[in-house]
Amino acid sequence: MTKTCTHLKTIRDVTPSALGCEECLKTGDAWVHLRICRACGHVGCFDQSPNRHATKHFHATRHPIIEDPPEGWGWCYVDEAFFDLSDRKTPHNGPIPRYYRSKPARERPITR
Ligand SMILES: [Zn+2]
Ligand SMILES: [Zn+2]
Ligand SMILES: [Zn+2]
């Protein structure tokens, strides 16, 4: 389970583009987990979310590295590798809006 990422040098200090998933906030959709792109700061929802904007962002831009905002670990889409970013986390602009704000009935326990 220890793969290495060859893109660590591409990690930049970024400013999050939004407090929650940029696209979901616009459409009122729900998300489960958020990821911050460490190439441009795009905030998108991750794989357990219905819209998977973080993954769409990767396919559209090929920006390989995303960060998990509260915990500060990173994931590389290309190498499929996890690594620790806790010493250079992206500071968030403010509290992350509650998940499932428009569809509370569909909230499920969050598994990780
Ligand atoms: Zn990589
Ligand atoms: Zn989204
Ligand atoms: Zn990006």
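## Strands, helix and core

In the hairpin of β1 and β2, where 5 residues lie between the strands, G41 adopts a positive phi near 90°. This is a predicted model, in which local features need pLDDT of at least 70 and side-chain atom pairs count only at pLDDT 80 or more, while totals for chains, interfaces and linings use all residues. Residues are numbered from 1 along each chain as its sequence is written, and chains are lettered from A and ligands numbered from 1 in the order in which they are written.

Helices (H or I, at least four residues) and strands (E, at least two) are DSSP runs numbered from the N terminus, and two strands pair if DSSP finds at least two bridges between them.

| Strands | Sense | Bridges | A bridge pair |
|---|---|---|---|
| β1 and β2 (residues 43–45) | antiparallel | 3 bridges | L34 and C45 |
| β1 and β3 (residues 65–67) | antiparallel | 2 bridges | I36 and E67 |
| β4 and β5 (residues 81–84) | antiparallel | 4 bridges | W73 and D84 |

In the hairpin of β4 and β5, with 4 residues between the strands, E80 has a positive phi near 55°.

Strand β1 (residues 34–37) is covered on both faces, with L34 and I36 buried on one side and R35 and C37 buried on the other. Here a residue is buried if 20 or more other C-beta atoms, placed from the backbone, lie within 10 Å of its own, exposed if 12 or fewer, and partly exposed in between.

Helix α2 (residues 53–61) has H53, A54, H57 and F58 buried; seen down the helix axis, the buried residues of α2 fall within an arc of 150° (taken from the directions from the axis to the C-beta atoms), so they line one face of the helix. These buried residues pack against α1 (22–27), β1, β2 and β3, whereas the face turned away from them carries the exposed residues H59 and A60. Just after α2, R62 takes a positive phi of about 60°.

A nonpolar core is a set of buried Ala, Val, Leu, Ile, Met, Phe, Trp, Tyr and Cys residues joined through C-beta atoms within 7 Å. The largest such core has 16 residues, of which C21, C24, W31, L34, C45 and I66 touch the most other members. Two or more residues each come from β1, β2, α2, β3 and β4 (73–76), and the largest share, 3 residues, is that of β1. Beyond its neighbours within four places in sequence, C24 is in contact (C-beta atoms, placed from the backbone, within 7 Å) with D29, A30, W31, C45, N51 and H53.

Key. Contact = placed C-beta atoms within 7 Å.
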